[in-house]
Structure formats: C-alpha cells, structure tokens
Amino acid sequence: MRVSVLDYGAGNVRSLHNALVALGCEVEYLSTAEQITAASALIFPGVGAFGRCMEVLEARGFTQALKAYVAAGRPYLGICLGLQTLFEGSEESPGVAGLGIIPGIVGRFASGEGRSVPQIGWNGLRPLREHGLLDAIAPDDAVYFVHSFRVAPDARLAEWPLCETDYGEPYVSAVAKGAVSACQFHPEKSGAVGLRLLGNFLRLALGAEPSLTPPPATRAAAPPGGKTRFCKRVIACMDVRANDSGDLVVTKGDQYDVREKSNGGEVRNLGKPVALAERYYHEGADEITFLNITGFRDCPLTDMPMTQLIAEASKNIFVPLTVGGGIRAFTDSNGVSSTALQVADAYFRAGADKVSIGSDAVDVARAWLEKKELTGTSSIEAISRVYGRQAVVVSIDPRRRWVKTSEEAEGHALCDHSEHRARGPEGETLCWYECTVQGGRAGSGLDVVQVSQAVQALGAGEILLNCIDNDGQNDGYDIPLVRSVRQAVGIPVIASSGAGSAAHFDEVFKQTGVEAALAASIFHRNQVSIREVKELLMSTGVDVRQV
C-alpha cells in the first residue's frame with residue numbers, strides 16, 4: 001500500500017509515518033504540486049497555526065493543487081489542521097483564506113465554566129451517520145484531541161458532518177463526503193482506536209487490507225444521554241539522564257537528587273527509557289513524558305542520544321509524547337547559535353508531539369511581567385506561533401516559602417495548608433510558592449501564580465506543575481498548590497510530584513479539577529500500575545479512558 005503524506009514543514013509527521021508503516025504502508029512525502037496531483041491517497045496531517053499553515057501552502061504552490069484534488073473527490077484524509085483548512089477561514093488567523101471546500105469559519109472554543117482551552121486529551125465520538133471510516137469504532141471509544149479552535153454545527157455544512165464531540169458545547173469532530181474525509185482528533189496518537197481508523201481509510205482509499213490488526217481498543221466511559229465524555233489523563237513521566245558511562249537511563253530521586261547514597265554514588269538506574277515507555281503505553285498511559293535532566297554542556301541539537309530515543313519510542317507508541325530539557329536558545333562551542341524554535345523542531349522531527357520548557361520560561365515570564373508586552377522573540381511565543389499553543393508545555397518547579405502572616409508574603413499569592421498535611425518548620429500553615437530555576441537549585445523571586453499567568457499570556461498551552469517539596473515523597477499531590485494554579489489560568493494543568501497511590505490521583509482530580517495527573521517513581525518501581533490507577537478512578541466516577 002502506497003500512501004502520500006503532505007509534509008509542509010510544521011509538526012510531528014513521524015508519528016503518522018510510524019503508524020502507517022505499522023499498518024503495512026509505503027509512505028511517500030509530497031514536496032511539489034505535481035506530486036499532489038498524482039497522489040492516489042493523500043493524508044494532510046496538520047499541526048500548528050492556521051495562518052502559518054496557509055502561508056506555507058501558498059508559498060510552496062500547494063493551494064490550488066490541494067483544492068483541485070479535494071474538489072475532485074479523490075481519497076483524502078485531513079488531520080486536525082488538515083480538517084480546518086478545508087473551511088473558508090479561521091478565527092485563529094482573521095483574513096487568511098482557507099481552501100474553501102466546506103462553507104464556514106472555524107471558531108475558537110469559549111473558555112470558562114471549568115473548561116480549559118486548548119482542549120487537550122481524550123474524548124469520545126458521537127456518530128451522525130454510518131460510514132466506513134468508523135467501522136469497528138464504538139461511540140464510547142476515546143480518541144486524542146489537542147486544539148483551541150473547532151467547527152460549530154451549522155446547517156450550511158449539509159452532508160459533511162460525520163460525528164460530533166462535546167467539550168462544553170457540541171462541535172463537529174469529523175467530516176466525510178465521498179472519498180474525502182477529515183478529523184479534528186489525531187488518529188496516529190489515539191492508540192488502537194486511531195490505528196483502526198487509519199486502517200479503515202486505507203481500506204476505503206486503496207482497497208487493500210492493512211497488515212496490522214490493532215488490539216482491542218481502550219474506551220471512555222459510556223456516554224450518558226448521548227453526550228461524549230472528556231477523560232482525565234494519567235501520564236507516565238520519565239526523568240532521563242546520562243549515567244557516568246554515558247548511557248541514557250530513567251532515574252528518580254528525592255528533591256531532584258538522583259545519585260545513590262551508597263554504591264559509589266552512581267546515578268540511580270530504574271530502567272531503559274524506551275522499554276519503560278512501551279510498557280506504560282500497553283498499560284494504558286494516556287501520554288508519556290520524557291524529561292532530559294542531563295546538564296547540557298552544548299546545544300541539544302548535538303545531543304543525538306535524546307533525539308534518537310524519541311525517534312525509537314515513537315515507532316511503537318501511539319499516544320502523545322512530550323520531551324523537555326534544553327528547549328532554549330544555545331550557542332555551541334564552535335560559536336554556532338541555535339534558537340529555541342530550532343531545538344523544538346529537532347524534537348518534533350524526531351517524534352515528539354509537545355515540548356516542555358523549564359527555566360527559560362521563568363526568564364521570559366519575568367520580562368513579560370515587567371512590561372506586559374509580547375515581543376514575539378521568546379521561546380514560548382516563537383514555538384507556539386509555528387506549531388500552535390497546544391505544542392508548548394511549561395514546566396514550573398515551585399518551592400514552599402512559609403510565612404506566619406499574609407503581610408510576610410509581600411504580595412505573593414498565598415496558599416493555606418490548614419486543612420492539608422504540610423506544615424512549616426514552626427508549624428506555619430500559610431505559604432507562597434517561589435518558582436525555581438536551574439533544576440530547583442536557585443530561586444527566582446516570582447511566585448507560581450505570576451509565572452503561570454505570564455506564560456499563558458505568552459502562548460503556553462499547558463502547565464506541568466511540579467512541587468520540589470513533594471518530589472519523591474509519595475504522600476500525595478500538593479492540593480493547595482495545584483488548586484491555586486488551576487483557578488488562576490484558563491489552560492490545562494498537569495499535576496505532578498508526590499503521587500504514592502492510586503487514591504492520590506482520585507484526590508487531585510476531585511479536589512482541584514485539573515485535566516491530568518503525572519507520576520514517575522511509583523510506576524517505575526511497580527508500587528502501583530497505570531491499570532490499577534484507572535480501575536480505581538472508574539470505580540469512583542472519574543471519567544478516564546478505560547483499559
């Protein structure tokens with residue numbers, strides 16, 4: 001089976017490539033308008049911003065060829081932006097024309113009422129009619145979405161809508177007309193469900209049977225009253241660094257100390273990153289995060305082992321991969337400079353779906369707080385402009401600063417621990433959270449709410465919220481901290497640091513409203529499995545993708 005993929009230079013096409021190869025396809029990348037015209041089955045994987053995407057399509061002479069191909073009703077599958085560009089335009093980029101195949105303008109989700117934007121996570125599909133693209137896919141199967149803009153139901157769409165999804169409001173999550181189809185979700189990142197959908201497209205487009213039969217799908221809880229359910233995410237995280245022999249290993253420690261107290265002080269080795277990641281994928285992890293905690297001596301563009309790790313992991317893992325560590329501007333030992341955007345691009349090309357920015361985010365947050373101006377030059381702004389807000393995660397590492405009175409906080413956002421476990425050295429229950437830099441080794445003087453709101457304004461799509469005081473303690477997430485940030489921003493928040501049992505996931509979801517919770521050591525050491533976490537959450541009424 002030969003399938004053509006339009007690669008216009010933005011986003012992670014490797015994941016789609018790997019999924020198609022797993023299904024038995026030979027993949028051809030299209031770089032000219034003539035190749036588009038000659039394609040027998042075309043997939044347009046869109047990741048990024050609408051305006052930037054249309055700008056690149058026009059510059060490369062693709063626009064008219066794509067219009068003609070789709071208008072002729074030839075086999076086409078659009079993914080995410082590949083769906084949105086079929087419309088006349090998008091509120092994301094006012095005045096920029098889309099392909100105009102389908103009438104209407106793609107609109108932005110309205111935030112509020114506990115709904116974060118972007119929508120990032122797993123949700124169900126509500127079929128509006130029968131279609132071969134949905135064969136063997138049940139209404140309660142969960143697929144992966146990551147987007148800020150959506151297609152609202154509209155009578156002008158006529159026969160195009162194929163299924164809808166609910167996220168505070170119903171929206172069109174897939175369209176189909178003849179051999180032309182498109183979906184707002186990412187099948188290449190939707191596990192067994194997504195592989196089945198891609199296989200259905202290949203069967204319809206090429207008349208060939210995929211060589212891979214996906215295992216039984218994981219599902220969302222059955223939708224009540226016909227509405228789909230947005231699932232909370234359980235994320236497996238791996239701190240990856242080079243050991244003293246130069247090999248990449250998964251490690252973990254207390255308050256970021258990853259060396260053994262005995263055994264010569266070697267770096268703690270909890271397993272091989274790719275092998276562990278594959279295990280977590282099969283256990284039902286909704287996302288997998290790799291954090292490169294090796295101290296960089298040079299530009300990460302030359303850090304080939306990490307990019308190779310991502311490339312290897314993405315071959316057999318069909319859920320989103322996030323990579324963090326060194327996503328910032330560098331000048332190497334030869335005087336060659338690389339921007340944060342170039343570093344991020346290298347990771348996306350290797351197979352990452354999102355990048356996590358750490359210490360650099362505190363620096364740009366400080367600059368924004370001083371002037372409240374967007375310069376377009378920060379790492380967050382540059383990456384989100386090209387790849388979209390949803391591709392940028394900001395990892396924040398706060399530490400408690402205990403105070404006896406609110407006046408001692410000097411205007412910083414306070415949290416009250418009187419109903420929770422933590423106490424200061426003299427029994428204090430009030431604290432503010434200072435964001436740290438340099439892997440938790442230095443303070444910034446900025447509190448966690450200041451930094452969270454600043455990075456949201458700069459273009460971050462998600463916050464990975466750690467807590468140095470809780471790291472490795474296994475006594476639960478810092479509920480006051482997580483709640484304060486979740487209430488302060490309108491983008492998704494991932495709770496991190498402190499999980500020691502399945503019950504801690506239930507606690508943080510119910511008491512804070514966060515969209516995702518992350519854990520590391522309890523999974524690495526087999527204290528609790530991802531399957532056990534999800535079974536408990538389902539039993540307590542938390543919507544999750546079932547295993």
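Author: Here is a chat about helix packing, aromatic rings and some backbone details.

Reader: What kind of model is it?

Author: This is a predicted model, where local features need pLDDT of at least 70 and side-chain atom pairs count only at pLDDT 80 or more, while totals for chains, interfaces and linings use all residues. Residues are numbered from 1 along each chain as its sequence is written, and side-chain values use heavy atoms, with hydrogens and water left out.

Reader: Ok, helices. At what angle do H13 and H14 pack?

Author: Helix H13 (residues 479–488) and helix H14 (residues 502–512) pack at about 40°, and their axes are 9 Å apart. That makes H13 oblique to H14. Angles under 35 degrees count as roughly parallel, over 145 as roughly antiparallel, 65 to 115 as roughly perpendicular and the rest as oblique. Axes are lines fitted to C-alpha atoms, for helices over the stretch in contact, with angles from 0 to 180 degrees between N-to-C directions. Helices (H or I, at least four residues) and strands (E, at least two) are DSSP runs, numbered from the N terminus.

Reader: Which residues in H13 and H14 meet?

Author: From H13, Ile479, Val482, Arg483 and Arg486 meet Glu507, Val508, Gln511 and Thr512 of H14; contact means heavy atoms within 4.5 Å. Those residues divide into three nonpolar, two polar and three charged. Ala, Val, Leu, Ile, Met, Phe, Trp, Tyr, Cys and Pro count as nonpolar, Asp, Glu, Lys and Arg as charged, and the others, Gly among them, as polar.

Reader: And how do H14 and H16 pack?

Author: H14 and helix H16 (residues 530–539) pack at an angle of about 50°, with axes 8 Å apart. H14 and H16 are therefore oblique to each other. In H14, Ala502, Ala503, Phe505, Asp506 and Phe509 meet Glu532, Val533, Leu536 and Leu537 in H16. This contact of H14 with H16 has seven nonpolar, no polar and two charged residues.

Reader: Switching topic: how many aromatic pairs are there?

Author: A search of the whole structure finds 11. Rings of Phe, Tyr and Trp (its six-membered ring) pair if their centres lie within 6.5 Å; planes under 30 degrees apart count as stacked, over 60 as edge-to-face and the rest as tilted. Phe109 and Tyr171 form an edge-to-face pair, 5.3 Å centre to centre with 80° between the planes. This pair links distant parts of the chain, 62 residues apart, with Phe109 in the loop between strand E6 (102–108) and strand E7 (119–123) and Tyr171 in strand E12 (residues 170–177).

Reader: Is Phe109 buried or exposed?

Author: Phe109 counts as buried because its relative accessibility is 2%. Buried means under 20% relative accessible area, exposed over 50%, partly exposed in between (1.4 Å probe, protein chains only). Tyr171 is buried too, at 0%.

Reader: Which residues form the aromatic cluster?

Author: Phe109, Phe145, Tyr167, Tyr171, Phe185 and Phe230 form one cluster.

Reader: Now the backbone. Where's the cis peptide bond?

Author: The cis bond joins Val117 and Pro118, with omega about 10°. Pro118 lies in the loop between E6 and E7.

Reader: What about phi of Glu410?

Author: Glu410 is not a glycine, yet its phi is positive, near 55°. Glu410 sits in the loop between strand E23 (398–403) and strand E24 (414–416), and it is exposed, with a relative accessible area of 70%.

Reader: And Ser497, buried or exposed?

Author: Ser497 is buried, with a relative accessible area of 7%. Its phi is also positive, about 80°, although Ser497 is not a glycine.
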